[in-house]
Each structure stands twice: as C-alpha cells, then as structure tokens.
Amino acid sequence: MTTEKLVSEIRKKHSFLCVGLDVDLDKIPSFLLNEEDPIFSFNKAIIDATHQFAVAYKPNTAFYEAYGIQGWKSLEKTIKYLNENYPEVFTIADAKRGDIGNTSSRYAKAFFEDLGFDSVTVAPYMGKDSVEPFLNFKDKHTILLALTSNEGAFDFQTKKVEDDEVYKHVLKTSKNWKNSENLMYVIGATKAEYLAEVRNIVPKSFLLVPGVGAQGGSLTEVCKYGMAENIGLLINSSRGIIYASQEANFAEVAAKQAEKMQLEMKTILDGIH
Ligand SMILES: O=c1ccn([C@@H]2O[C@H](COP(=O)(O)O)[C@@H](O)[C@H]2O)c(=O)[nH]1
C-alpha cells in the first residue's frame, strides 16, 4: 500500500487506529477452543467487528510462533483474510527482524511476498546493510524501532553517543539510506514527551505508536506532540481492545472499545481542520 492510500483511508475513516492481534489461547473466550482454528476464528471475529473503526492491523508474530506450525498457519490465514476481505487496511507484521543483508533479504521476502504484509517491524541495531534489503520493496514499509515503549528503552536508546541520543542517531542516519521513503518508525506512546524532538528530525514520516491502553500511554499526548501534516501516526492498542471481554459478545465489546478510540481520534482530527 502506498503512503498516500494510507493517509486517504485515515481521512475517510477519521481514524488512525491500529488493532493489535496478539492472540493468547489462555485469554480468548473458552468456547472458541472447540473451533478447528481458534486463533483464526478469534481474529476473524475481531476484524469483522472492528474494521470500520481501524485503518491498520498488527499481528505480533511471537503470539503465532508460540504455537508452532499451527500458529504460523493461523497467521497466514489471518493476513490472507485481511488482504482478500479488507484490502483497504494497512497490515503490519510485528516481527522485529534484522540480520546480515543476505538473511534480511529472506525475511523481507517472507513477510512482503510470501505472506503479503504491507510492512514489517525491524530492529536497527545491525545497521544499514541489515535494513536496506527490506527497503527495496516498492510500496512496502519498514518500521524501524527507534524509541520503544518499554522501560528497557532507557538502557540504550536514550543514552548519548557523540552528543545525540541513540534513538536520534537511528532517525538521522536511517534518513540517508537508499529508499528511505519506505521507512516508518516505532515510538512508544509511553515516551510522548520525546515526540516533539522526533518530529524535528522526521517531520513527515509515519510513526507506529504502541503503548496506549494496557501500557498507560496517552492518546492525547501522543497526538499533541506527534501529529504531522499528513497525520503520520498509527496508534496501536492490542490487549485493550481484543481482550475487553471474554464473554460470548467479545467481538461486540472489542468493537465498542475500538469505536471509543476512533471517536477520540475523530475529535482530534476535527480540531485541527
Ligand atoms: O515499543 C514497542 C514495540 C512494540 N510493541 C508491541 O505492541 C503491542 C502492544 O500491545 P498492548 O497490549 O497494547 O500493550 C505488542 O505486540 C508489543 O509487543 C510495544 O508494545 N512496544
């Protein structure tokens, strides 16, 4: 998907909500465990109920890999279902990959060509040659971890090297890589106070912002400091939406939560036009 199409969907739906599909068989309603593929059945119900309020879906691959080959099959079915039934939504494989170039090119092929995701999250730690193979794919997006939502982000990402914090080096250096127009960045919602500085470096880039809801980040604060002219934000909520209820009406309750966030987003978008 092109960035222009993503922006147009955001404007059409008045939403920059990304729903995280982090499926844990211990947390889904127990009656679904009788289904042939409980993970896919859960995802399908969540997607069908929430798609009008969301512009993106983000399965975190860990939650699928944890169930072996069956989990990977559920992931394949989920992305196929999204691409066939809701081609207008932006899809993110939250896989946090990155390796020597030869290996990264295989990761890129797996997520972009074989599975058909629009984007994948990548760790910047191994540098340019580990990321550029992902950037070669037209209309596919590489979402680089810059300043993550967890406490451990302060171990390295905010440490100063040659007068700049490491996350700023990630932003500044990656801007010069080949096909850098295909880059987006992860900035945690719990680090909203850093967003003004982030925007000084990457004024137009899309930011994937996890950490609202269960991790305590604030949607309003993220928008205050992080919103760009082209909106430039995808705000993710996983547990806060998909596990809002474990009862028979779980999808309906998830939709209510998604709608609540979408309405907050609409109010913010209306306020800036
Ligand atoms: O900095 C980061 C990067 C990725 N994540 C992932 O996003 C979701 C958040 O889930 P919630 O349930 O809404 O807290 C999850 O898949 C994380 O692995 C992140 O939280 N922070």
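This is a predicted model: local features need pLDDT of at least 70, side-chain atom pairs count only at pLDDT 80 or more; totals for chains, interfaces and linings use all residues.
Residues are numbered from 1 along each chain as its sequence is written. Local features need pLDDT of at least 70 and side-chain atom pairs count only at pLDDT 80 or more, while totals for chains, interfaces and linings use all residues, and side-chain values use heavy atoms, with hydrogens and water left out.

The UniProt record, an unreviewed entry, lists residues 16-254 as "domain: Orotidine 5'-phosphate decarboxylase"; such annotations may be inferred rather than shown by experiment. Over residues 16-254 the chain is 39% helix and 18% strand (DSSP runs, H or I of at least four residues for helices and E of at least two for strands), and the end C-alpha atoms lie 16 Å apart.

Turning to the helix pairs, the axes of α2 (residues 38-50) and α12 (residues 250-271) come within 8 Å and cross at roughly 45 degrees, the axes being lines fitted to C-alpha atoms over the stretch in contact, with angles from 0 to 180 degrees between N-to-C directions. The two helices are therefore oblique to each other, a class left over once angles under 35 degrees (roughly parallel), over 145 (roughly antiparallel) and 65 to 115 (roughly perpendicular) are set aside. In contact (heavy atoms within 4.5 Å) are F42, A45, I46, A49 and T50 of α2 with F250, A251, A254, A255 and A258 of α12.

For α5 (residues 101-114) and α6 (residues 128-135), the axes come within 8 Å and cross at roughly 30 degrees, which makes α5 roughly parallel to α6. Here G101, S104, S105, Y107, A108 and F112 of α5 meet D129, S130, P133 and F134 of α6.
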